Amino acid sequence: MIGAVNQGKSVIETMLAVEAGGANGATSGSGGKFLTFTLGNEEYGVPVLKVREIIKVMDITQVPQVPDYVLGVINLRGKVIPVIDLRRKFGFAAMEHTERTCIIVADVDLPSMRVMMGVVVDSVQEVLNVTESEIEETPEFGGRATTAYLLGLAKVKDSVKILLDLDRVLGSDGQLGTRAV
Amino acid sequence: MSDVNAGGPDNELGAFIADPELAGMFIADAADHLGTIEATLLKLEKSPSDLKLVNDIFRPFHTVKGNAGVLGIASIEEFAHKIETLLDLARSGKHAIGPAEIDLVLKTVDLLKLIIEELPARAAGQPVTDTSARRRELMARVDELISGTTPPPSNKAGFTTPPPPPASNGEGDRGKGPSVRDEQSTVKVDTKKLDNLVDMVGELVIAQAILAEDPAIAGATDDRLTRRLAHVRRITSDLQRDTMAMRMMPIRQTFQKMARLARDLARKFEKPCSLTLIGEDTELDRKVVEHLTDPLMHMVRNAIDHGIEPPAERQAAGKPIAAEIRLRAFHRAGFIVVEIADDGGGLDTERILAKGKSQGLVPDDAELDPADIHQLIFQPGFSTASQVTELSGRGVGMDVVRRNIEALRGRIDIHTERGKGTTFSIQLPLTLAIVDGILLGVGSDRFVIPTFAVQESFRPTPAQVQTLQGQVCMVQVRDRLYPLLHLGEVFNIAGARKRISEGTVIICHESGRVVALAVDELLGKQEVVIKSLGEMFRNIRGIAGGAILGDGRIGLILDTGGLLSLVGKTTSQVAA
């Protein structure tokens with residue numbers, strides 16, 4: 001079962017697709033290639049151009065004085081990068097990491113600079129071509145759900161993918177630690 | 001807004017905005033050249049008839065003008081051209097250089113620096129200093145000087161041109177250094193790329209060390225394998241030395257800034273003095289050089305304002321009227337030492353002690369030896385200047401200097417002799433990229449504390465741990481009580497030992513303050529490459545960065561100053 005995901009593609013295949021997507025995944029309008037992943041029962045997508053690589057969960061060094069969804073930092077071949085738990089960030093119940101848990105390493109544009117960040121997700125699915133016509137404007141939900149993070153909702157193959165604007169999701173975490181201990 | 005865009009959009013910056021790369025190069029180049037010009041001017045001031053020096057000023061000046069022309073920045077070109085006219089006459093011997101000319105060109109350099117520094121802001125449409133009046137004034141001065149209708153220069157009475165420095169310091173020869181160096185073939189590299197390279201080489205050095213210490217290899221008896229490994233080690237250490245050298249730069253530019261400052265201050269305070277520079281070629285890590293400028297400026301100011309006696313007093317004491325300040329940089333035992341020495345009155349021990357008592361820094365009945373008293377000048381809020389002047393005496397002097405130097409992982413010492421003068425010596429590490437650290441364990445987490453911050457470590461007895469209202473707060477070491485910080489608790493680390501007497505206590509110091517750190521265990525010494533945790537974690541208190549440890553995990557590097565600010569925040573579930 002290791003590496004096998006929903007569409008029967010392995011993580012390796014998905015990673016190769018990510019690399020290929022980087023080469024010709026330029027988006028026109030809001031459509032383009034998205035890397036899809038799951039959190040609980042929901043399916044999400046992020047623009048593949050933002051994704052650098054997908055790695056297995058590794059030893060994460062905790063950093064003090066940060067919100068609980070910031071898991072800490074990892075050593076990515078000599079680079080120190082922060083890792084965010086998207087489950088906790090979105091208010092899902094915390095879950096033990098499984099063999100399908102992955103870290104998506106992405107480029108995030110902060111107001112001042114571009115940084116690499118890792119995002120922990122339940123499992124990575126595939127690289128998906130989404131045409132502009134498949135993307136629906138985000139409806140106003142009201143209540144708890146925040147729509148500021150969303151690029152839109154895509155209806156592909158009978159399922160709904162929630163397309164995320166990673167810069168918005170992670171941008172507000174650009175600088176932590178200003179709060180008192 | 002400056003005059004050039006008074007009539008509409010800033011149309012002379014078209015090319016500057018269109019080509020950011022060229023613009024960046026222009027600014028960097030101009031800063032280099034203006035620095036060289038400034039330094040050469042100070043030499044010219046001492047030997048005004050040296051036409052070679054005039055030439056050395058003319059050339060870079062011409063380059064700056066030309067570059068501004070290429071970018072189409074007419075206001076700079078026009079201004080520089082006018083001043084250049086004067087320099088041109090001077091280098092062909094048709095106009096004699098005097099104090100007025102030197103002054104004029106120095107002011108020009110200052111103004112050009114300002115204009116060029118503000119170019120990016122101007123390009124972004126932000127308001128900048130209006131320099132048009134000052135430019136016109138200087139350009140008018142050129143005409144006055146050339147036509148010979150020279151009004152007396154604004155040279156203050158009482159300032160004497162410093163005597164030429166003794167030949168023994170070798171400055172005369174080195175003066176020709178910069179212009180020769182400019183012609184060497186060099187490549188400009190983005191400092192980020194360079195820092196990356198240094199980082200990676202640092203990792204390589206550590207990886208190599210870990211490999212060599214691996215039991216499978218350390219115990220190997222195969223000669224060939226040992227030989228090959230030794231070869232790798234040699235290459236690695238050569239590579240490290242060479243990459244480190246790339247980040248090094250001579251302290252010359254910083255020293256030259258001091259020369260200019262000393263000249264201006266000597267005039268201002270009417271205390272003639274000469275500044276002697278020794279060891280300008282000593283190389284330091286680029287970052288160290290950058291952060292050393294402010295403390296040095298402060299100390300040069302102090303030396304002239306407080307250190308040197310007024311001329312009358314010097315005469316009465318039988319000293320030469322012109323004081324001597326010596327800036328010296330050299331290597332000593334794996335460190336770089338920068339010394340600033342004056343031949344002034346020395347520190348007034350009694351006055352410092354009296355001041356310290358009146359400021360409440362020491363108890364009234366305290367008996368301190370002179371060395372301890374001298375340390376008082378590094379206390380925040382301490383200032384003996386009886387009168388607040390523009391440049392010193394605001395009480396934010398030496399404590400800031402010490403903080404800046406400690407931030408560079410250096411230390412500062414004082415040697416002073418009443419009536420003879422004072423020497424401050426600053427000891428700095430060769431590089432900031434690697435730190436010698438002690439590895440600590442708390443729960444399953446690993447931390448690194450820089451060795452220089454650690455005074456001692458021990459396992460305390462329960463009796464040594466002092467509680468206050470049932471909460472652990474202090475540890476007693478040989479009659480002294482230190483505030484205690486339980487790392488596991490302030491950082492909320494799962495699995496940390498709750499009993500302090502079962503772990504280890506480390507006494508660390510920073511800026512004269514001391515804190516005791518309770519951790520689970522000491523794991524050993526290790527050299528680590530300091531890595532920034534990035535923008536996201538910039539404001540985390542008590543953490544200076546991260547380091548990649550032997551097993552590939554990241555250990556957080558502790559920042560003693562930040563830890564001090566956490567003292568007293570929590571302590572509830574810890575027992576002695």
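Author: Helices (H or I, at least four residues) and strands (E, at least two) are DSSP runs, numbered from the N terminus. This is a predicted model, in which local features need pLDDT of at least 70 and side-chain atom pairs count only at pLDDT 80 or more, while totals for chains, interfaces and linings use all residues. Residues are numbered from 1 along each chain as its sequence is written, chains are lettered from A in the order in which they are written, and side-chain values use heavy atoms, with hydrogens and water left out.

Reader: How many helices and strands does chain A have?

Author: Chain A has three helices and 11 strands. Along the sequence they follow the pattern α-β-β-β-β-β-α-β-β-β-β-β-β-α.

Reader: And what percentage of chain A is buried?

Author: Of its 181 residues, 54% are buried, meaning under 20% relative accessible area, with exposed over 50% and partly exposed in between (1.4 Å probe, protein chains only).

Reader: Turning to chain B, why is strand β18 largely enclosed?

Author: Five of the five residues of β18(B), residues 554-558, are buried, so the rest of the structure largely encloses this strand. B:I554, B:L556 and B:L558 point one way, and B:G555 and B:I557 point the other way.

Reader: Which strands pair with β18(B)?

Author: Strand β9 of chain B (residues 445-450) pairs with β18(B) in the parallel sense over two bridges; two strands pair if DSSP finds at least two bridges between them. Strand β17 of chain B (residues 543-548) pairs with β18(B) in the antiparallel sense over five bridges. In β18(B), B:I557 is the bridge partner of B:V448, and B:G545 also stands opposite B:I557.

Reader: What lies between β17(B) and β18(B)?

Author: The two strands form a hairpin with five residues between them, and B:G552 in the turn has a positive phi of about 90 degrees.

Reader: New topic: which residues of helix α18 of chain B are buried?

Author: In α18(B), residues 398-407, the buried residues are B:M398, B:D399, B:V401, B:R402 and B:I405. Seen down the helix axis, they fall within an arc of 160 degrees, so they line one face of α18(B); the arc is that of the directions from the helix axis to the C-beta atoms.

Reader: What do they pack against?

Author: The buried residues of α18(B) pack against α14 (286-307), α17 (370-375), β6 (411-417) and β7 (421-429) of chain B, where contact means heavy atoms within 4.5 Å. Just after α18(B), B:R409 takes a positive phi of about 65 degrees.
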